[in-house]
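Have the sequence and the model open as you read.

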Amino acid sequence: MKVARLASLLIVGSIGLALPAEVPAPKDIPFQGTLKISVDATDVAHRVFRVKETIPAAPGPLTLLYPQWLPGNHSPSGPISKLAGLVVTANGQSLPWTRDPLNVYAFHVEVPVGASGVEVAFQYLSPQSGREGRIVMTPEMLNLQWNANTLYPAGYYSRRITTEASVTFPAGWQFGTALDVASRSGDTVTFKPISYDDLVDSPIYAGLYFRRVDLDPGAKAGVFMDIVADAPKFLEITPEQLQIHRNLVQQIYKLYGAHHYDHYDFLFSLSNKMGGNGLEHHRSSEDGVGTGYFTEWGMSAMVRDLLPHEFNHSWDGKYRRPADLWTPNFNVPMQDSLLWVYEGQTQFWGNVMAARSGLWTADQTRDMFAMVAATYDKGRPGLATWRALQDTTNDPIIAQRSPLPYRNYQASEDYYTGGEMIWLEVDAKLRELTKGARSIDDFAKAFFGMGNGEWAANIYTFEDVVKTLDGIAPFGWADYLRSRLDGHGPLIGGIEAHGWKLVYTDEPTAAVKAMEGFMGSANLTYSLGISPGKAGELGDVLWDSPAFKAGLAPGMILVAVNGREYNAAALKEAVTAAKSGKEPIELLVKNFDEFKTVRIDYHDGLKYPHLVRDATKPDTLGDLFKAR
Ligand SMILES: [Zn+2]
C-alpha cells in the first residue's frame with residue numbers, strides 16, 4: 001500500500017493546528033545503499049557514546065526513527081530520553097529537523113536536491129546513576145546496545161536495511177559480541193555488513209578486564225562466555241564451574257537436537273557498577289550479575305538460572321517467535337499475548353536446565369519450585385480475584401517494570417513464573433496421557449528443535465502450540481490451556497501431579513534462609529503477609545493478609561515489636577510466641593512523620609513453603625531434573 005506523505009508541516013484551519021509529516025509505514029523492499037554507523041565509546045569519564053551515521057536517502061522528505069519497541073523488553077521502552085545533541089547535515093550543510101509530536105521517536109528532515117543522503121550525529125548518554133536507568137558505562141566496562149546508538153530510516157522492513165558499523169573502544173579494552181569482525185585499526189573495530197535487525201540483535205560488552213571462555217571446545221558452531229568484570233580477580237573460574245557451564249550447552253543440545261546460530265556468545269558482566277541485565281538475542285545474550293558469581297559461588301545460587309534462561313531464548317523467543325510479537329521494524333507496536341510461552345516456558349527450562357547442568361542441585365531446584373508454587377497458591381490474591389494470567393502479558397507495556405504500589409494484588413509479569421507452573425502441569429499431563437512414554441522434552445524438541453542452523457524468525461500462534469501438543473498426546477489442550485490462562489484458580493496442579501505436595505512449615509528452606517541472611521530481611525509473606533527489610537521498611541504487603549487487615553501498607557517502617565526495637569529476629573520470635581498466646585503482636589510503625597501502634601491478631605506461627613513427597617504417586621519431578 002502506498003503511504004500518503006505531506007512535504008512538511010501543514011497548517012490546518014485558522015487555529016493554526018500543525019500536522020506533522022506522516023511517518024512512512026515499513027515496506028518489504030530493499031534499502032538502497034548501506035547505513036554506516038560509527039560509535040566513539042571512549043568517553044568513559046562522562047559515560048557518553050558519540051554516534052555518527054551516514055544514511056543514504058533520495059532528495060525529499062526523510063523520517064529517521066529511534067527504536068521504540070525493543071525485542072526482549074516486549075515494550076515501547078527505547079531510551080529516547082537519553083538521546084542528545086542531534087545534528088543532521090547534508091553536503092556539509094546543516095538541516096533543520098522536527099520531532100514528530102505524535103510519535104516522539106520520529107524525526108523529520110528534508111533531504112536537499114543534489115544530496116545522496118544525510119549525516120547524523122548525536123550522543124547517547126548512559127544513565128549516570130541507577131535512578132536514571134541502567135548504567136551502561138563504567139571506568140572498567142561498557143555495554144553498547146545498537147538500538148540506543150542508532151537512528152534508522154522509516155519506510156523499510158528493518159531486515160532489508162544493510163548496515164556497516166564500527167566502534168572505537170577505550171585503549172586496550174577487549175570485547176565480546178555476536179558480530180563478525182571485518183577489520184581493526186588500533187582500538188577501532190569495523191564489523192562485517194549485517195542487516196539492521198541483526199545489528200540491533202547483536203550488542204557488545206567491552207571491558208578493561210576481559211576473559212573469553214570456550215564452552216563447547218571443537219564445536220563447529222562455538223559457544224563462548226565473554227566475561228567483563230570490575231577487577232581481574234572476579235574472572236577466576238574453577239574447573240568445576242567451567243564443567244557445569246559446559247554441561248549447560250550439552251544438556252540444552254540434548255533437549256532440542258538443533259540450534260539456531262552460527263556461534264553463540266554469552267556477554268557476561270560481573271559488576272557492582274554497571275546495571276544488571278538479562279536480555280536475549282539470537283546469537284548472544286546480555287547477562288549482568290554482581291562481581292561474586294564465580295568467586296562467591298555459595299552466594300550466587302539465586303542468579304544461576306540466568307544463563308540457562310537467556311540461552312533458552314535463542315530457541316524460544318528469538319527463533320520461534322509469537323506471530324503477534326514479530327514486527328517489521330522497531331517502531332511498530334508489538335502484541336504480547338504469547339509471552340506465557342516465550343517467557344513462561346523459558347522460565348521453566350531455565351530452572352530445569354539449571355538442575356540438569358548442575359548449576360543447582362535437585363534440592364535447590366525443588367526449593368525454587370516451592371517458592372514459585374506458593375506464589376500461585378497464596379501469593380497473588382489479584383490473580384485469584386480480578387486479573388487472569390493472560391492479561392498479565394500486557395504488563396511489559398502497562399508497567400514497564402516500574403515499581404508498583406501493591407505488586408501481589410495488581411499482578412504484573414506473572415506469565416513468567418505462572419507460565420512456568422502451567423508448563424510443569426503440561427509435563428505431568430503428557431506423562432499421564434502416554435503412561436510415562438512422552439514428556440515436555442518431546443514438546444520442546446518438536447516445537448523448537450527444527451531447522452538446524454537457521455536463524456530467521458519462525459513464527460507461531462496459539463493454535464500451533466495446541467497442534468504440537470496434540471501430536472505428542474491427543475487431548476483437549478486448547479481448553480486445558482485456556483482454563484489456566486483465563487481462570488482464577490491456583491496454578492499448582494503440576495506439583496501434585498509430579499508426586500509432591502506444597503506444605504507450609506515454620507522452617508525456611510535453604511534458599512529463603514540465604515536470601516534473608518543476604519538482605520537482613522524477614523520473609524513473613526505467608527504468615528503476617530509482609531517481608532520487612534533490614535531497617536523494618538515494608539515493600540509489598542499481601543492484600544487481605546493479617547498485616548494488611550491490621551492497617552499496614554507499603555512504605556511504612558516497623559520501628560518496634562512488642563515494645564522493643566525492630567529487627568528481623570525479634571519479629572520472628574514475636575510471631576512464634578504469639579502462637580501459644582492470645583495477645584496480638586504489637587508493632588510501632590512509622591507512616592510518613594506519624595508513629596502509630598498496630599496490633600496484628602495472628603496466632604498461626606511462621607510459615608514457609610516446602611515441597612514434600614506424596615508417597616501415593618511416583619516422583620516424576622526427580623526425573624524432570626535429572627541430567628539427560
Ligand atoms: Zn526471558
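Leu142 stands opposite Ala206 in strand E18. This is a predicted model, in which local features need pLDDT of at least 70 and side-chain atom pairs count only at pLDDT 80 or more, while totals for chains, interfaces and linings use all residues. Residues are numbered from 1 along each chain as its sequence is written, and side-chain values use heavy atoms, with hydrogens and water left out.

Four bridges join E11 to E18 (residues 204–207), and the two run antiparallel. Strands here are DSSP runs of E with at least two residues, helices are runs of H or I with at least four, and both are numbered from the N terminus; two strands pair if DSSP finds at least two bridges between them. The open sheet has three strands in the order E11-E18-E14, with antiparallel pairing. Strand E11 (141–144) and strand E14 (174–177) are at the edges with a single partner strand each, so one side of each has no neighbour in the sheet. On average, neighbouring strands of this sheet are turned by 15 degrees against each other, direction ignored; the axes are lines fitted to C-alpha atoms, and angles between N-to-C directions run from 0 to 180 degrees.

## The zinc site

Which residues coordinate the zinc ion? They are His309 (NE2), His313 (NE2) and Glu343 (OE), at 2.0 to 2.1 Å. Donors are N, O and S atoms within 2.8 Å of the metal (3.2 Å for Na, K and Ca), and water is not among the atoms, so sites may look incomplete.

Along the chain, the donors follow the spacing H-x3-H-x29-E. His313 sits in the loop between helix H3 (306–312) and strand E24 (320–322), and Glu343 in the loop between helix H4 (339–342) and helix H5 (344–357), so the pair ties together parts that are 30 residues apart in sequence. Both His313 and Glu343 are buried (under 20% relative accessible area, with exposed over 50% and partly exposed in between; 1.4 Å probe, protein chains only).

## An open pocket

The lining of the second largest pocket has 23 residues, with Gly298, Met299, Ser300, Ala301 and Met302 nearest its centre. A pocket is an open set of points on a 1 Å grid over the protein atoms alone, with protein on both sides within 12 Å along at least five of seven lines; lining residues have an atom within 4 Å of a point. Helix H6 (362–375) and helix H16 (510–519) each supply at least two lining residues, and H16 gives the largest share, six residues.

Note on methods: 1 Å grid on protein atoms, 1.4 Å probe; cavity = no way out; pocket = protein on both sides within 12 Å on 5 of 7 lines; lining within 4 Å.
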